Amino acid sequence: MIMSIRPSQRGAQDAYIWLPSKSGEYTAKTGYHISRALKDPPAETQQTSINWNADIWLGHFSLKIKLFLWKILQKALPTGENLLNRGLFDSTCCIHCGELETTEHLFFRCKFAQKVWSLAPFAKNLDLSTIIFDASINVLKRLVCLPPTGISAGPLFPWLYWTIWTARNHYLGEETPPSFTKRGNQRTLHPDTVICFTDGAWKQDTAIAGAGWIFTNREGSKLDSGSLAEPFASSPLMAEAIAIRSALIHALEKDFLHLQIKSDA
Ligand SMILES: [Zn+2]
């Protein structure tokens, strides 16, 4: 366990980060809200079939996500339907397709949400046509992720909810809709950009990670490459991270200051 920890190679100091605040610094305000939410979930939440302690408050995901799930279940997110119930009649339509933005539409029925779920590495397909949010946690927490992602520390579904929600908010603040295919191409690259392809492999029985990387210029000509094997790796995801970190260290040594990383992690 201790050997699998990768400390900074450049001497960066360890630091405490308070996840609920944007700056990472603890504030009394966020501390107060978190302690209230953890100790004292609202009484009406006890009446649902959700096991609040096991599925939300003790779930293996961040406090930010726990509060986010709590807000959805309390109908406290400013979705179109919730705004409508509070007498606010504009901004009630789905930003992707124009349907009424109910919780179920936003997270399951909309084509955008269905695309997100279909791209997730679950071992079996989901039927999103009838699922309702309050019952979804019981179903989704049992889903197994396929290798090679190595996501095993906690369930993936809360992060998919978060992704769908933040993509929606991103679109509200910007002119172009979120896209699955064009995001990388829309950025303007610096003329000196070096492209770096990385990949990692992992063997469970030996806990050894193999990592490889190759640098090319924008025309595709090879500039440099490298590979290494590292013991004490704990997952395929860690192997991918080792590949990216090794590539970044070599890019610094080679003075590649404008880098685009392409990884399948
Ligand atoms: Zn929609």
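Predicted model: local features only at pLDDT ≥ 70, side-chain atom pairs only at ≥ 80, totals over all residues.
Helix H3 (residues 63-73) and helix H8 (residues 157-173) have axes that come within 10 Å and cross at roughly 70 degrees. Angles of 65 to 115 degrees count as roughly perpendicular, so H3 is roughly perpendicular to H8.

Which residues make the contact between H3 and H8? On the side of H3 they are Ile65, Phe68, Leu69 and Ile72. H8 contributes Pro158, Trp159, Tyr161 and Trp162. By type, the residues of this contact comprise eight nonpolar, no polar and no charged.

The next element to look at is a sheet. It is open, has four strands in the order E3-E2-E1-E4, and its pairing is mixed. At the edges lie strand E3 (222-230) and strand E4 (259-263), each of which pairs on one side only. On average, neighbouring strands of the sheet are turned by 20 degrees against each other, with direction ignored.

Within the sheet, strand E1 (residues 194-203) and strand E2 (residues 208-216) run antiparallel and are joined by nine bridges.

How values were computed
Residues numbered from 1 in each chain as written. Pairing = 2+ DSSP bridges. Helix = DSSP H or I, 4+ residues; strand = E, 2+ residues; numbered from the N terminus. Axes fitted to C-alpha atoms, helices over the stretch in contact; angles between N-to-C directions. Parallel < 35°, antiparallel > 145°, perpendicular 65-115°, else oblique. Contact = placed C-beta atoms within 7 Å. Nonpolar A, V, L, I, M, F, W, Y, C, P; charged D, E, K, R; others polar.
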